[in-house]
Amino acid sequence: MSTESLARLDTETVDHRFKGLPPDADGLTVGELAAQRRNLFTGGFATPVLALSAERLEHNLRLMETYAERHGLAFAPHGKTTMAPQLFQRQIEHGAWGITLAVPHQVRVARAFGVRRVFLGNELVDPAALKWVAAELAADPDFRLVCYVDSVRGVELMDAALDGCARPVDVVVELAAGEGARTGVRTEAECARVAEAVARTRTLRLVGVAGYEGEVPQATPERVHAWLRRLVALAADLDKAGLFAGTDEIVVSAGGSAWFDAVADVFAEVPELSRPVLKLLRSGAYVSHDDGHYRRITPFNRVPEEGALEPAFRLWAQVVSRPTSEQAFVNAGKRDAAYDIDLPFAQVVRRDGVERPATGIEVTGLSDQHAWLRTSGEADLEIGDWLGMGLSHPCTSFDKWPLIPVAEADGTVVEYIRTFF
């Protein structure tokens with residue numbers, strides 16, 4: 001990645017664009033504010049403020065690096081979770097092959113910060129975006145992009161838009177996870193037709209197969225394993241048909257954040273093919289993990305001997321109203337907290353520098369700028385207290401915060417993560 005582009009993030013001026021940061025820091029650069037090592041609780045930060053745990057962030061990065069190495073997997077974590085180039089850099093430093101992305105804008109962000117390998121988990125048929133990709137490939141021989149194809153029509157549109165390109169675009173056939181699932185080719189016979197359509201072009205190069213096992217209908221370990229074996233068998237069939245003749249390695253890719261243990265199991269069974277196989281895992285939510293959805297579905301619940309991810313996010317808000325003994329309101333709502341899967345979880349209360357469990361406190365609803373709290377008789381909560389809340393679903397947590405402080409366990413803020421959504 002580009003160290004110059006990353007360094008420029010530290011030169012950005014702190015001002016009203018970045019919620020939660022200390023008002024008296026206006027006019028400082030991000031780097032200058034980070035150098036002050038202010039405390040999240042006593043350094044002038046204003047609620048609501050979202051923070052990442054420095055220690056848990058590093059733990060999660062190391063854990064998935066070790067997991068991928070242990071199982072012989074290459075790793076291209078899904079960058080749409082964070083859209084944070086600083087975290088892309090840390091993922092690459094922790095062994096990632098590259099970064100997975102979903103749409104052209106995200107690829108442009110990655111390229112602006114020098115990401116050299118991108119897996120695009122979508123069929124790209126927009127002519128303007130394809131011409132931009134072709135220009136990037138022509139300008140940088142070290143840049144590699146691998147893109148889904150899931151239809152003959154898509155192949156034809158890509159071929160037309162890329163006419164005259166200097167380098168072919170690498171593509172993988174996407175196998176759908178089943179009837180009624182999201183994108184992807186529904187049958188192996190149609191996969192073969194798509195692959196043959198790619199072979200007839202000069203603008204595209206077939207390099208493998210891919211899919212997303214998280215879309216397997218009524219998913220169980222048995223169903224997910226069965227679909228992954230279909231994916232591996234498809235790679236073998238296309239290889240036997242000579243459709244990977246133009247590549248030096250065959251990509252076989254899957255892996256969200258719910259079933260990467262199944263991916264590891266089945267990818268360990270990949271047979272010997274005509275070329276080396278790049279077994280590419282794409283799980284992305286692990287960086288911050290969470291206190292809800294991913295805590296429930298993480299594969300580490302099934303394989304605890306492999307370790308455990310730790311939720312790294314905490315949203316801090318302040319009690320601004322206590323109308324009754326059974327109700328309170330804090331100043332964070334839908335604009336600040338993910339709520340598409342679960343409501344935030346009340347975890348701790350801070351008062352006068354002392355932190356204690358949020359006993360008897362439950363978040364029952366969100367308005368735009370308020371969280372509704374139900375409080376029982378055992379809740380000790382006053383106006384002015386800070387409430388620390390866990391969140392569910394990282395993908396819709398990161399995108400609400402353009403600049404996120406990273407704090408050590410004692411509250412010392414050591415850096416700021418810039419997001420680009």
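Mentor: Let us begin with Cys 147. A disulfide is a pair of cysteine sulfur atoms within 2.5 Å. The sulfur of Cys 147 lies 13 Å from the closest cysteine sulfur, that of Cys 165, which is too far for a bond. Please bear in mind that this is a predicted model, in which local features need pLDDT of at least 70 and side-chain atom pairs count only at pLDDT 80 or more, while totals for chains, interfaces and linings use all residues. Residues are numbered from 1 along each chain as its sequence is written, and side-chain values use heavy atoms, with hydrogens and water left out.

Trainee: How do you know that Cys 395 is in no disulfide?

Mentor: The nearest cysteine sulfur to that of Cys 395 belongs to Cys 147 and is 20 Å away. By the same rule, the count of disulfides comes to zero.

Trainee: What makes Cys 147 and Cys 395 buried?

Mentor: Buried means under 20% relative accessible area, exposed means over 50%, and partly exposed lies in between, for a 1.4 Å probe and protein chains only. Cys 147 has a value of 1% and therefore counts as buried. Cys 395, at 10%, is likewise buried.

Trainee: Why is strand E6 described as largely enclosed?

Mentor: Strands (E, at least two residues) and helices (H or I, at least four) are DSSP runs, numbered from the N terminus. E6 covers residues 169-174, and six of its six residues are buried, so the strand is largely enclosed by the rest of the structure. Val 169, Val 171 and Val 173 are buried on one side, and Asp 170, Val 172 and Glu 174 on the other. In a regular strand the side chains alternate between the two faces of the sheet.

Trainee: What makes E5 and E7 partners of E6?

Mentor: Two strands pair if DSSP finds at least two bridges between them. E5 (residues 144-149) is joined to E6 by four bridges, and the two run parallel; Tyr 148 stands opposite Val 172. E6 and E7 (residues 204-210) are also parallel, with six bridges, and Asp 170 has Arg 205 as its bridge partner. Both pairings belong to an open sheet of eight strands, ordered E2-E9-E8-E7-E6-E5-E4-E3. E2 (74-75) and E3 (99-101) stand at the edges with a single partner strand each, so one side of each has no neighbour in the sheet.

Trainee: Why is helix H10 also called largely enclosed?

Mentor: Seven of the eight residues of H10 (260-267) are buried, so the helix is largely enclosed by the rest of the structure. Its cover includes helix H3 (54-70), helix H9 (221-240), strand E8 (250-254) and strand E9 (277-281).

Trainee: How do you know that the side chain of His 94 makes a polar contact with that of Glu 58?

Mentor: A polar contact is a pair of N or O atoms within 3.5 Å; within protein, one must be able to donate a hydrogen and the other to accept it, and residues adjacent in sequence count only if both atoms are side-chain atoms. The distance between these side chains is 3.3 Å, and the pair is listed as a polar contact. His 94 lies in the loop between helix H4 (85-93) and E3, and its relative accessible area of 12% makes it buried.

Methods:
Contact means heavy atoms within 4.5 Å.
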